[in-house]
Amino acid sequence: MHVQTDVPKIAELARITLTSDEAATFSEQLPRILDYVSQLQAVTVEQVAATPMSPIAVRADAVSSSHVVEAILAEAPERQDRFWKVKAVFS
Amino acid sequence: MNLTQLTIAELQAGYRDRKFSCTEVVTAYQEQIAKRDGALGAILRQPAMSLDQAKEVDQRLASGSSPRPLEGVPVAIKDNLTMTGEIATAGSRILENYRAPYTATSVQRLIDAGAVPVARTNLDEFAMGTSTETSAFQPTKNPWDTKLVPGGSSGGSAVAVAADFAVGALGSDTGGSIRQPAAFCNVVGFKPTYGRISRYGLIALASSLDQVGPFTRTVEDAARMYQVMAGFDPCDLTTRREPPEDVLSGLSKGVADMKIGLPKEFFGEGVDPEIAEVVQAAAKVYEEAGATLVEVSIPHAPLALATYYIIQPAEASSNLARFDGIRYGLSVREAGGLSEIYRHTRAQGFGAEVKRRIMIGTFSLSAGYADAYYHQANRVRAMLREEFHRAFDQVDVLLTPTSPTVAFPLQAKIQDPLTMYLADLLTVPANLANIPAISIPTGFVHDLPVGLQLMGREWDEATLLRAAAFYQSKTDWHTRRPA
């Protein structure tokens, strides 16, 4: 039983442009990997009470000053003043 | 006296008795790296500040200040842990020139305790791998046989300790990435309970599975590094609020009172029978000291790998969405509009394994598949956790092999992803169950190191480390070094 994978659609969702070689390789590899992990679908899960993780603590919603703004912006591929510069979202 | 072969305690005694200085020790490690790393490829970069920091340590010691817990201890840091002003690539071209604006809490705590970072180590790209071969920059070789892999994803850190480039090293473990390379390289590799050590500054792979942990030669040194790093961090609210228990004072109390469980699912299909035999012999060492061996069962353990390879890629696909060419890292701007920047940056910046896992994760989370894949995997995960809890009602510690095989040749598994994933067979359960686990040297098969894995109750690092330290008090596998 082979899981149907639409590699171009998945690549689109993942925002990665694949070369045709990559698309071919992944079209061959992904179904085999997904077949392997699909064995979980046959498992009937008993009712388990416990949640997997400890409850997440929260902290006070208080503002503190940050000294790293300039260091962060120094890594920006393109910046303007205190902003990251991007291409138009709506073109 | 070989300054690159001392434990933390021996270093601190030497500093106290003025047998040598921190500057001499750091210089010795730098010379060792210069001499041996060319053939091994474990080190990506050496921080410029190391000698200055060593001099500061010497000044502190000379001034009579009482030494901090890791005063003057040279350490290596996996390249997915940030340090202010230092490049952190996570093994990827997409971060090839990224300079971090902050230091990871785990690293900062080592530095505040007096440790001196001397190297940044190689890893599989974004910690995705079991051989360090998916690094965008270079493969790392196993010092026991340089035609073999050191394991992964923290291969560089494992080799750094095995080849005497540092006293201790930091790695990260999401499905075995500390324990498996430790087993392949004959060193100690320790993954604490999820929530013990802050993940702030660890470039995320899978946020419900990632943990930071130490590589060392001895369990005692791992315990010392752990004790310094563990504890609540307001920058990572998945860390435990309660202060960590002391794990050092009870370390040599022995195992006469312990019940050691051998889960049968970890000794069967998929595991090299010679490895299983070596590990069964290790269990006898415990029995001879008065511990009780108990056969236990984790019935859904055979499904752990499938569970892991749904949850981890799903969380990775979400975490790696931030690499979009906008705020940091590689940015392919010539392409066109905003959407093209995303697609081409990620196409050029990510390697094949990273793309593969992002796509598996994207699929598992997509409409129409999320329930059968991601949510089902989390249900099975909860079941696995429950099975481990029930096992720990009967025993204090679980004992298994760390890896189903010894180190394999470079290039042997890189063409077949599933074969590579199977290397994690015995290590992923501890990450899924959120329990602590450690790999310690336990002998050789075909002249290659074998790791003994011990797993403990959630939050019970003290018992786990005591069990591990006991084994090193009775054996000398961990003292062996590659030629």
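Okay, let's start with chain A: of its 91 residues, 24% count as buried, where buried means under 20% relative accessible area, exposed is over 50%, and partly exposed is in between, with a 1.4 Å probe and protein chains only. Before I go on, this is a predicted model, so local features need pLDDT of at least 70 and side-chain atom pairs count only at pLDDT 80 or more, while totals for chains, interfaces and linings use all residues. Residues are numbered from 1 along each chain as its sequence is written, chains are lettered from A and ligands numbered from 1 in the order in which they are written, and side-chain values use heavy atoms, with hydrogens and water left out.

Back to chain A. It has three helices and two strands, and along the sequence they run α-α-α-β-β. Helices here are DSSP runs of H or I with at least four residues, strands are runs of E with at least two, and both are numbered from the N terminus.

Now, how many residues does each chain bring to the contact? It's 52 from chain A and 63 from chain B, with contact meaning heavy atoms within 4.5 Å. Between them the two chains bury about 4,900 Å², and 67% of that is on carbon and sulfur atoms. On the chain A side, Leu40(A), Glu75(A) and Lys87(A) lose the most area to chain B, together 13% of what that side buries. Buried area is the accessible area, again with a 1.4 Å probe, that two parts lose on being put together, summed over both.

On to chain B, and helix α5, residues 155-162. Eight of its eight residues are buried, so the helix is largely enclosed by the rest of the structure. Those residues include Gly155(B), Gly156(B) and Ser157(B), with Ala162(B) also among them. What's doing the covering? Among the elements over the buried residues of α5(B) are α2 (22-40), β2 (74-78), β3 (116-121), β4 (168-173), α6 (179-185) and β6 (211-216) of chain B. After α5(B) comes Asp164(B), which has a positive phi, near 60°.

Next, the core. In soluble globular proteins, nonpolar side chains tend to be buried together. Here the largest nonpolar core has 175 residues, and the ones with the most contacts inside it are Leu110(B), Phe126(B), Tyr286(B), Phe388(B), Leu399(B) and Leu454(B). For the record, a nonpolar core is a set of buried Ala, Val, Leu, Ile, Met, Phe, Trp, Tyr and Cys residues joined through side-chain atoms within 4.5 Å. If you click on Leu399(B), its contacts beyond four places in sequence include Ile260(B), Phe267(B), Val279(B), Tyr286(B) and Leu454(B).

Leaving out residues up to four places away, Val296(B) touches Gly261(B), Leu262(B) and Pro263(B), among others, including Val395(B) and Leu398(B).

Aromatics: there are 18 aromatic pairs over all chains. Take Tyr15(B) and Phe20(B): the ring centres are 5.5 Å apart and the planes sit at 75°, so that pair is edge-to-face. The rule is that rings of Phe, Tyr and Trp (its six-membered ring) pair if their centres lie within 6.5 Å, with planes under 30 degrees apart called stacked, over 60 edge-to-face, and the rest tilted. Tyr15(B) is buried at 6% relative accessibility, and Phe20(B) is buried at 8%. Elsewhere, Tyr98(B), Phe126(B), Phe323(B), Tyr328(B) and Phe350(B) make up one aromatic cluster.

Arg240(B) lies over the face of Trp459(B), 4.3 Å from the ring centre, and the charged end of Lys413(B) is over the ring of Phe408(B), 4.6 Å from its centre. To qualify, NZ of Lys or CZ of Arg has to be within 6 Å of the ring centre and within 35 degrees of the ring normal.

Asp236(B) is in the loop between α7 (219-229) and β7 (259-263) of chain B, and it's buried at 6% relative accessible area. What does its side chain reach? The backbone nitrogen of Arg199(B), at 2.7 Å, and there's also a polar contact with the side chain of Thr238(B), at 2.6 Å. A polar contact is a pair of N or O atoms within 3.5 Å; within protein, one must be able to donate a hydrogen and the other to accept it, and residues adjacent in sequence count only if both atoms are side-chain atoms.

Asn319(B), in helix α9 (residues 304-319) of chain B, is buried at 8%, and its side chain makes a polar contact with that of Ser207(B) at 3.0 Å.
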